[in-house]
Amino acid sequence: MAVIHYTIATEAEKSADFRRVLWTGEKTQLVIMTIPPDGEIGEEVHEDIDQILTFVSGTGEARVGGATRKVAQGDLVVVPAGTKHNFVNTGPNPLVLYTVYGPPEHADGAVHATKEEADELEEAGKDEPPTSD
């Protein structure tokens with residue numbers, strides 16, 4: 001097996017896509033995201049998925065479980081399964097982050113240029129994670 005290696009901040013910074021799946025394993029998934037100024041991920045709950053988000057650049061707010069906290073480069077936020085959350089860009093520049101889902105949340109190799117595209121594909125059932133069946 002080869003070493004899977006990313007210079008993660010560089011990977012995240014060079015992608016202007018809202019969401020890009022970098023790697024999908026059986027139990028976890030690595031995704032980079034770019035939230036435009038005045039944009040957001042959108043309030044959501046992942047019932048059976050834990051999420052760890054690390055912020056590469058920009059400024060924003062983490063809204064997790066009814067609490068709000070400012071986030072910026074170098075910050076990490078944990079979202080336990082079943083917790084309502086949203087991440088909002090409050091700055092003038094893109095809010096860039098990478099997130100690890102456990103288990104995977106999105107289709108392997110998925111690329112969503114915008115939040116609208118991501119929402120449409122999710123609603124159409126075209127952004128389903130791989131299964132171990």
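Predicted model: local features only at pLDDT ≥ 70, side-chain atom pairs only at ≥ 80, totals over all residues.
**View 1. A nonpolar patch sits on the surface.** Look for valine 78 in strand S6, which covers residues 76-79. Valine 78 has a relative accessibility of 48%, so it counts as partly exposed.

**View 2. Glutamate 11 and lysine 14 pair up in a salt bridge.** Their side chains come to 3.3 Å, going from N to O. Lysine 14 is exposed because its relative accessible area is 61%.

**View 3. Aspartate 17 and arginine 20 form another salt bridge.** Here the closest N and O atoms are 2.3 Å apart. Is aspartate 17 buried or exposed? With a relative accessible area of 16%, aspartate 17 is buried. Arginine 20 has 29%, so this residue is partly exposed.

**View 4. Lysine 84 meets glutamate 43 in a salt bridge.** The side chains are 3.9 Å apart, N to O. This pair ties together distant parts of the chain, as the two residues are 41 residues apart. You'll find lysine 84 in the loop between S6 and strand S7 (85-89), while glutamate 43 is in the loop between strand S2 (29-35) and strand S3 (50-57). Lysine 84 is partly exposed at 47% relative accessible area, whereas glutamate 43, at 56%, is exposed.

Definitions and conventions: Residues numbered from 1 in each chain as written. Heavy atoms only, no water. Patch = residues over 30% accessible without salt bridge, like charges linked within 9 Å, V, L, I, M, F, W, Y side chains within 5 Å. Areas by Shrake-Rupley, 256 points an atom, 1.4 Å probe, with all protein chains shown as cover. Salt bridge = Lys/Arg side-chain N within 4 Å of Asp/Glu carboxyl O. Helix = DSSP H or I, 4+ residues; strand = E, 2+ residues; numbered from the N terminus. Buried < 20%, exposed > 50% of the residue type's maximum accessible area, 1.4 Å probe, protein only.
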